[in-house]
Amino acid sequence: MIKITFPDGNIKEFAKGTTAYQIAESISPRLAADSLAASVNGTTVDLNRAIDEDASIKFYKWEDAEGKHAFWHTSSHLLAEALEALYPGIKFGIGPAIENGFYYDVDCPVPITEADLPKIEQKMIELAKGKEELVRTEVSKADALKNFTEKGDPYKVELIRDLEDGTISFYTNGAFTDLCRGPHLPNTAPIKAIKLTSVAGAYWRGDEKNKMLTRIYGISFPKKSMLDEYLVMLEEAKKRDHRKLGKELELFFFSQRVGQGLPLWLPKGAALRDRLEQFLRGVQKAYGYQQVITPHIGNKDLYITSGHYAKYGKDSFQPIHTPIEGEEYLLKPMNCPHHCEIYRSKPRSYKDLPVRLAEFGTVYRYEQSGELHGLTRVRGFTQDDAHLFVRPDQLLEEFEKVIDIVLYIFKTLKFDNYTAQISLRDPNNREKYIGSDENWEKAESAIIQAVKEKGLNAVIEYGEAAFYGPKLDFMVKDAIGRKWQLGTIQVDYNLPERFDLTYKGADDKLHRPIMIHRAPFGSMERFVAVLLEHTAGKFPLWLSPDQVVVLPISEKFNSYAEKVCEFLNAHDVRTQIDDRNEKIGRKIRDNELKRIPYLLIVGEKEEADGLVSVRAQGEGDKGQMSLEAFKDYILDLVRQETEANKMNTTK
């Protein structure tokens, strides 16, 4: 007999070899029917996996991320089975579950296009209805190599060669067998609704030197109604796509001549960014930050010292060689080494700490071209970076103050739905990280305590820490329910050691400060992208690049429109004129599509009486006002927003 501990602390005995599914069924048939996977001693496994020792157990349903992962992982194998049936001779790369759905990379003897997706979906549904079991078998490395060599699948052979003997397993569903660790659903019956969403190219193992494979994306659900809701959300997401809105609102664009992943900010986009920066500068000033500026490049030795070159050298742009033999520079991949050098620029006393250095610092990382995506994945981006150098007795208080700043920003910009993610080391792979176990344990404890004291809704994710320290990431849900990672705070004992940072304590001895890395926006590029999609381009009045546009009914009233524009701009109301030779209806429609908050229509009566006819975005006509009254009205709205922002602060 084995003892099984349940999440509520209850313990029951079962026969050795009992499966997780059988344990769920012993509690209730409903639990067994709803469960998709299980956690046994902290490891997610198939429900059909036999349990041979005392264990703690937890069951995952569709509502759980682990449940969805097993569901979508099984769906990727179902996709592969359908492809193998429809395209004889097809070869398979990898087919993982992803955040929303799954994909499979394939090497097909004939091209697969978007037009082929419906017939592949139909085949998947047909196979799923067969209630095919997912059967796991553990195999030796020699047998695994033999199997896929005989099958003529070079991609699986390459993957197997990288694996250790004794760790290899196959899963079989129907006529398809795949190299896979799992976990999977017990069978395909729960998969009721499938949508293959797109076809793309993907280099094998993400390397541009390798062959381009065909990547087929899809998503699946246990109910058709869930798929219908998802497709509605997908259509809304297309309307909110920041790349589409960025073009329509004239915020940014990309040029092949400049280079992939290097955004060019247009005047309106630059104005938007500047207002976000000024907003954060004001917050930082209230919290005692000092602004610094560092170069866009640094000596290679700087990043060797910090450890970034060893970790990210392959993903960075290649070194810049100077005329001096052996002298090499790198485009800056991180701001923190530069800030460490600023801290080192003079002796520090315990009375000087905390030292809070902030910079909107642009960094460069060479992302693969297939991974670039608008502003959310670029090769050059600006971090709203800051590094705090603190004494041990200051760590908790300073970390909590940074949490306050992040929450203030979220509340001001109406990101109301968020989860704090405590990102810790992978306990089974510690060679990925630098620094002593003692320092890691202190850093992780500080984050956990700060989150507890702030009462945040938090989850713990192992293996998501930075290589030099644990962190607190903020996962935000936008207006249509998608999850984004915005804002991060990290505790770092390691860089102060690597750069030999010190301060003189009250005991007249040298001590080591602790670093806090923080970026509430994360990066300006990614934050603007998420904000665009969250608001659908309808920014709050205080942030909008253009608050007002003046629309003369005809060319005869352009002169009056210019006077209106000059008057409002003179009073800090951001105003433009649309003096195109177009009908007024067309002008109204075009500017509403540009999400301009207020349209002022001027004609003969308005000019004669010194008035403007006011039209508000999303509200329609608001009647006529004098110039003075409209100016006061707009400034009062901005003042109300600004005061509300101030009232939201938790400092």
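Modeller: Of the 651 residues of the chain, 50% count as buried, where buried means under 20% relative accessible area with a 1.4 Å probe, protein chains only. The model is a predicted one, in which local features need pLDDT of at least 70 and side-chain atom pairs count only at pLDDT 80 or more, while totals for chains, interfaces and linings use all residues. Residues are numbered from 1 along each chain as its sequence is written, and side-chain values use heavy atoms, with hydrogens and water left out.

The largest nonpolar core holds 78 residues. Such a core is a set of buried Ala, Val, Leu, Ile, Met, Phe, Trp, Tyr and Cys residues joined through side-chain atoms within 4.5 Å. Leu413, Leu472 and Phe630 touch the most other members. Helix H13, residues 395–412, gives this core its largest share, ten residues; a helix here is a DSSP run (H or I) of at least four residues, numbered from the N terminus.

Neighbours within four places in sequence aside, Phe630 is in contact with Val548, Leu568, Tyr598, Leu600, Val612, Val614 and Met625, contact meaning heavy atoms within 4.5 Å. A second, separate core has 40 residues, including Leu36, Leu78, Leu79 and Leu227. In soluble globular proteins, nonpolar side chains tend to be buried together.

Contacts across the chain complete the picture. Among those between residues at least 6 apart in sequence, 69% join residues at least 24 apart.

Key:
Helices (H or I, at least four residues) and strands (E, at least two) are DSSP runs, numbered from the N terminus.
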